[in-house]
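Hi there,

Here is the structure I promised you. Have a look at it first, and then read on for what turned up.

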Amino acid sequence: MKTLIFYFAILVWLIPLPASAQVTELCGLPAARQKLIKEHPEVLQKEAELESFTKNFIAHYGSSRDGMGNIVIPIVFHIIHQGGPENISDAQIINEVNILNRDYNKQNADTSAVVPSFVNIVASVGVHFRLATIDPNGNCTNGIDRIYSDQTFEGNDYSKLNGWPREKYLNVWVVSKMMNGVAGYAYYPGSVSTLLNAPNMDGVIILSGYIGSIGSSDSLTSRALTHEIGHYLNLKHPWGDNNSPGVACGDDDVDDTPITRGSTFCDLTLSYCNPPIIENVQNYMDYSYCSVMFTEGQKARMLAALASDVSGRNNLYSDANLIATGTVDNTPSACAPKADFGVVKRYACIGTNVTFINASNNGTVDQFYWSFPNGNPSSSTDPNPTVQFTTTGYQSVSLTVSNSMGSSTKTDNALVYVGSDQPSYQAPFFEGFEDPNVFSTDWAEINYDENVTQFKQVNIGSHTGNGSAELNNYNSIADHDIDEIVSPGIDLTALSNDQMQLSFYYSLASFNQYFTDLQDSLVVYSTTNCGVTWNPIYMTGGTTAVNAGYVQPYFVPTQSPSYWKHVVINLDTRNARPSNVRYKFQVFSAVNGNNFYIDDINIGNSVTGIKEASAV
């Protein structure tokens, strides 16, 4: 059974974003935490257990590291990207690791700016971060895992792809965009200790522009990961367990950080809660823009989290794990590269350009060799080649990359679909999806994540007849999944103005009985140049898109009119009729959705129904 999304106590680091970015909200912490408590009360117990352990640890050891050995945390950066500026350089990541080691060991020069009230309690936490040199399978790695995925534009728990075991590595996911416009978030150890999906969620997810102080980032944004790892090690904001600085005075359960209401600007004389006591606005866990320090009390709290077995924190720095992850010393590894690639457009026609994007990682690539069996050219040594395919259907593409350490090859047989450069049908046109052979021959199915959620012809639910095209979103495990079907080329030149209509029926149910956060959507596009450009002609989303209500099991509609929504689109009559037009039906699926069905696509035949939209 599909699991409902449960949002946890999201801890957000928010500092000024670049001018091109806009903050929509800090986070939904109060509501999210209450929902967590309501749905998973066992989390409160685990948090309480860790809090009790923390108090006992501090009472016995304080900020001493006695018995904990050399505290080295193996770290891996998962760069979720689509070949854009979010695909930050190795140098920028290494720069960020250096910043972490500087900040967590009191080696940052700006500690000289600490106000007198806190000079004597600036802490060297004694935690060192090292990029892993051995991956979970025992293979060579540089600690940087690059993943080509459109999840980079989502920035939530479902964007945390290919997480490595949390008891062995600190996972950091780097993305282009974050949910609600925040810069990043992490979970407390106790918040992710008991749930089945917790290991996949544990770590930090953060914007690419907040990694390091070079490249796409700068010194202003470079302390964000320092802050988030503080949450990962069980630190709260200085004003308490919420994301509302400057509202109310609060405490973070650390004795040497004064009661504060927090600040979103750098007022080094702030003394609002208990005058004349100065508040610690220079703390890494504040939002003051001038963060330069942890306190000895915060150090003790982080060491307690590392000494506890909650969420595997105490195994990270064990001798056995340092050997297993290749982090006994700080020697970087030189590895053979891993071949990977993406493509600018997933759909094209014979003779149109298709540009591939090299996404290989794990080592410097000295040589590229691409193979396109049906392409012109049929091979290439360019990093990002452009190809024209000469046959229709799904195309096989292979890339081999190599350096002095070795080579690897990736082959993808479903990344690109090529259609005919000529129309296949003369309108009027009708498709009822009765014949699976027609669906597989005439229609392109584009599965962006190449997962189990995809369009297929089925005979289990239909508007009329026996067949329809189904998108099995009930099986989706992602919060952002895009699937498409593209029609064959259709000649509209014989249609009159009255016939210039596209109509279809669809049925969509929701798995979310509350209908509060539905994100599913349907967009219809047209193209007259074989997918070089697509023009949106209809769109619907959220509660408006769901027409079949709340259905908890696997949704299959009957032919009852109540299950089917009729969409009629007036096509553009201002210009000459296109002689080769294609229509794309794109469905955006979320985890709270259910199955989607489309049937009886009709172009040029007389229809009746509500005209939902007009093409422009």
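Tyrosine 289 sits in the loop that runs between helix H5 (224–232) and helix H6 (296–307). Please keep in mind that this is a predicted model. Is tyrosine 289 buried, partly exposed or exposed? Its relative accessibility is 42%, so tyrosine 289 counts as partly exposed. Together with Leu220 and Phe265, Tyr289 forms a nonpolar patch on the surface, and the accessible area of the three is about 310 Å².

Now for asparagine 595, which lies in strand E29 (residues 593–603). Asparagine 595 counts as buried because its relative accessibility is 0%, where buried means under 20%. Which backbone atoms does the side chain of asparagine 595 reach? One is the backbone nitrogen of asparagine 473, at 3.2 Å, and another is the backbone oxygen of phenylalanine 555, at 3.0 Å. Setting aside residues up to four places away in sequence, asparagine 595 also touches others, including Glu470, Tyr474, Ser507 and Tyr554.

Finally, take a look at strand E22 (residues 481–486), where six of the six residues are buried. In a regular strand, side chains alternate between the two faces of the sheet. In E22 both faces are covered: Asp481, Asp483 and Ile485 are buried on one side, and Ile482, Glu484 and Val486 on the other.

E22 also has pairing partners. With strand E19 (residues 444–447) it pairs in the antiparallel sense over four bridges, and glutamate 445 stands opposite isoleucine 485. With strand E28 (residues 582–589), E22 pairs in the antiparallel sense over six bridges, and there isoleucine 482 stands opposite phenylalanine 588.

Happy exploring!

Technical notes. Residues are numbered from 1 along each chain as its sequence is written. This is a predicted model: local features need pLDDT of at least 70, side-chain atom pairs count only at pLDDT 80 or more; totals for chains, interfaces and linings use all residues. Side-chain values use heavy atoms; hydrogens and water are left out. Patches are made of residues with over 30% relative accessible area and no salt bridge: like charges are joined within 9 Å, nonpolar side chains (Val, Leu, Ile, Met, Phe, Trp, Tyr) within 5 Å. Accessible areas come from the Shrake-Rupley method with a 1.4 Å probe; for residues, only the protein chains shown count as cover. A salt bridge is a side-chain nitrogen of Lys or Arg within 4 Å of a carboxyl oxygen of Asp or Glu. Helices (H or I, at least four residues) and strands (E, at least two) are DSSP runs, numbered from the N terminus. Buried means under 20% relative accessible area, exposed over 50%, partly exposed in between (1.4 Å probe, protein chains only). A polar contact is a pair of N or O atoms within 3.5 Å; within protein, one must be able to donate a hydrogen and the other to accept it, and residues adjacent in sequence count only if both atoms are side-chain atoms. Contact means heavy atoms within 4.5 Å. Two strands pair if DSSP finds at least two bridges between them.
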